[in-house]
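The sequence and the coordinates are shown here for reference.

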Amino acid sequence: MNSTKIENEPCAIRAWAEGRMIYLELTDGRIVGFPADRFKILKEASEAELKKVSIEVNGYALRWEELDEDLTVEGVVLGRFQLPLPEQAA
């Protein structure tokens with residue numbers, strides 16, 4: 001019997017920043033957002049630097065060239081953040 005593996009890993013088709021939030025539009029139509037302050041390097045970045053996000057690796061990664069920062073789309077969707085929520089947001 002032949003079987004085909006269906007890839008369920010999330011894939012982004014668009015990424016953008018508004019304020020200190022990063023948003024991803026996924027191929028399945030979902031839009032996922034996360035606070036930049038949940039990642040060490042992004043927390044220190046300016047809003048102008050955050051806006052320079054690009055999609056890499058055929059939609060499976062986010063890249064900030066100036067910051068030398070990469071995140072996987074899967075990690076973001078699964079909530080694998082480096083830093084906890086700030087006290088006021090928790």
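This is a predicted model: local features need pLDDT of at least 70, side-chain atom pairs count only at pLDDT 80 or more; totals for chains, interfaces and linings use all residues.

Strand 1, residues 12-18, runs antiparallel to strand 2, and the two are joined by 6 bridges. Within this pairing, arginine 14 has glutamate 25 of strand 2 as its bridge partner. The two strands form a hairpin with 2 residues between them, and glycine 19 in that turn has a positive phi of about 65°.

Strand 2 also pairs with strand 3, residues 31-35, again in the antiparallel sense, here over 5 bridges. Leucine 24 finds its bridge partner in strand 3 at valine 32. This second hairpin places 4 residues between strand 2 and strand 3, and its turn contains glycine 29, whose phi is positive at about 95°.

The two faces of strand 2, residues 21-26, can be told apart: Ile22, Leu24 and Leu26 make up the covered face, whereas Met21, Tyr23 and Glu25 make up the uncovered one.

**Salt bridges**

A search of the whole structure finds 7 salt bridges, and the table sets out some of them.

| Side chains | Distance, N to O |
|---|---|
| arginine 30 and aspartate 28 | 2.8 Å |
| glutamate 66 and lysine 52 | 2.7 Å |
| aspartate 68 and arginine 63 | 3.1 Å |

In the salt bridge between arginine 30 and aspartate 28, arginine 30 counts as partly exposed because its relative accessibility is 40%.

The salt bridge between glutamate 66 and lysine 52 links distant parts of the chain, with the two residues 14 residues apart. Glutamate 66 lies in the loop between strand 5 (61-64) and strand 6 (69-72), and lysine 52 lies in the loop between helix 2 (47-50) and strand 4 (53-56). Glutamate 66 counts as exposed, with a relative accessibility of 54%, and lysine 52 counts as partly exposed, with 46%.

Which residues are joined with aspartate 68 and arginine 63 into one network? In the salt bridge between aspartate 68 and arginine 63, aspartate 68 is exposed, with a relative accessible area of 55%, whereas arginine 63 counts as buried because its relative accessibility is 12%. Salt bridges that share partners bring Glu65 and Asp70 together with Arg63 and Asp68 in one network.

Note on methods: Residues are numbered from 1 along each chain as its sequence is written. Side-chain values use heavy atoms; hydrogens and water are left out. A salt bridge is a side-chain nitrogen of Lys or Arg within 4 Å of a carboxyl oxygen of Asp or Glu. Buried means under 20% relative accessible area, exposed over 50%, partly exposed in between (1.4 Å probe, protein chains only). Two strands pair if DSSP finds at least two bridges between them.
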